[in-house]
Amino acid sequence: MHTDIVDLREFYHSQLGRLAEQSISFALSSLWARLPEERLVGLGYAVPYLDRFRADTERTFAFMPAGQGAVNWPSGELSATALVFDEELPLPDASIDRVLMVHSLEFAENPRETLKESWRVLAPGGRLIIVVPNRRGVWARMEHTPFGSGRPYSRRQLSLLLRETNFTPAASAEALFFPPSRIRTVLRFRNVIERMGRRFWPVFSGVIIVEAQKRLYQGLPVAARASRRVFVPVLAPQGVPTTRDAADGCGAVA
């Protein structure tokens, strides 16, 4: 089950959320410095991290899963947000250079299908970054943050999943070594704890960040399938009988 968009937005507007964003952004910058004239898609709730790259890209999109909900982004500009199903992205093949998945894979109904779809839309040599809760970390055990929901991963599990879906894992990083506490005294020392964590206990980070490259030399089996998704308009009246239903009902009474 996806974390609701309202809860995600409220978390990143809190002090703890802003500090978490800073920690993850620092780790992301060690993997992707600049993306000059490239096309970037953020999948899940990647909005807090897209602004770091948007100035250099040709264009940037924020794709938000239907089960989560969506918000307008960027604020005060033409919207670059789309409400999507992560297994059926509204993009042609090989049309995107980079995909950034945050608050996405851990909530996916079928993680393999989600990654296969990302593989489809990525251009040859395209790169993907996945940010997921660490199975060994404290953040995955605390439910008052979005990282405490969904399916956490170990580094090995994530690497195996990427290889199964025709990606080659490359560089990686860790973030969120400080505890997910709202106590100001604890948060005041979070920089010290982050530095110590990266040096002494990287396996216990709050999130794992892995970069992978689209692999082309091995075929990916493709099976034709009809969409399993059904769109139902929110404002459609529910339970209103049709003419045929009404006639059947009268016949039953008679």
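**Reading salt bridges, a sheet and a core**

Mentor: Searching the whole structure, which is a predicted model, turns up 13 salt bridges.

Trainee: Which residue forms a salt bridge with Glu-211, and how far apart are the closest N and O atoms?

Mentor: The partner is Arg-127, and the closest N and O atoms are 3.6 Å apart. Glu-211 belongs to strand β7 and Arg-127 to strand β5, so the pair ties together parts that are 84 residues apart in sequence.

Trainee: Is Glu-211 buried or exposed?

Mentor: The cut-off for buried is under 20% relative accessible area. Glu-211 has 7%, so Glu-211 is buried. Arg-127, at 23%, is partly exposed.

Trainee: Where do Glu-194 and Arg-198 lie?

Mentor: Both are in helix α7 (residues 190–200), four residues apart, which is about one turn of the helix. Glu-194 counts as buried at 3% relative accessibility, and Arg-198 is partly exposed at 29%.

Trainee: How should I read a sheet, and in what order do the strands stand here?

Mentor: The general idea is that strands of a sheet pair through backbone hydrogen bonds, either parallel or antiparallel. Here seven strands make an open sheet with mixed pairing, in the order β3-β2-β1-β4-β5-β7-β6. Strands β3 (81–84) and β6 are at the edges with a single partner strand each, so one side of each has no neighbour in the sheet. From one strand to the next, the twist averages 20°.

Trainee: How many bridges join β1 to β4?

Mentor: Five bridges join strand β1 (residues 39–44) to β4, and the two run parallel. Leu-43 has Met-101 in β4 as its bridge partner.

Trainee: What should the 15 residues of helix α2 span?

Mentor: At 1.5 Å a residue, helix α2 (residues 15–29) should span 21 Å, and its end C-alpha atoms are 21 Å apart, which agrees. Helix α2 lies across β4, β5, β6 and β7, at about 140° to β6.

Trainee: Which residues touch the most other members of the largest nonpolar core?

Mentor: That core has 38 residues, and Ile-24, Leu-28, Leu-100, Leu-176 and Ile-209 touch the most other members. Helix α2 gives the most to this core, with six residues. Beyond its neighbours within four places in sequence, Ile-24 is in contact with several residues, including Tyr-49, Phe-147 and Val-207. There is also a second, separate core of 25 residues, among them Val-41, Leu-89, Leu-115 and Val-132.

Notes. Residues are numbered from 1 along each chain as its sequence is written. This is a predicted model: local features need pLDDT of at least 70, side-chain atom pairs count only at pLDDT 80 or more; totals for chains, interfaces and linings use all residues. Side-chain values use heavy atoms; hydrogens and water are left out. The expected span of a helix is 1.5 Å times one less than its number of residues. A nonpolar core is a set of buried Ala, Val, Leu, Ile, Met, Phe, Trp, Tyr and Cys residues joined through side-chain atoms within 4.5 Å. Buried means under 20% relative accessible area, exposed over 50%, partly exposed in between (1.4 Å probe, protein chains only). Contact means heavy atoms within 4.5 Å. Two strands pair if DSSP finds at least two bridges between them. Axes are lines fitted to C-alpha atoms, for helices over the stretch in contact, and angles run from 0 to 180 degrees between N-to-C directions. A salt bridge is a side-chain nitrogen of Lys or Arg within 4 Å of a carboxyl oxygen of Asp or Glu.
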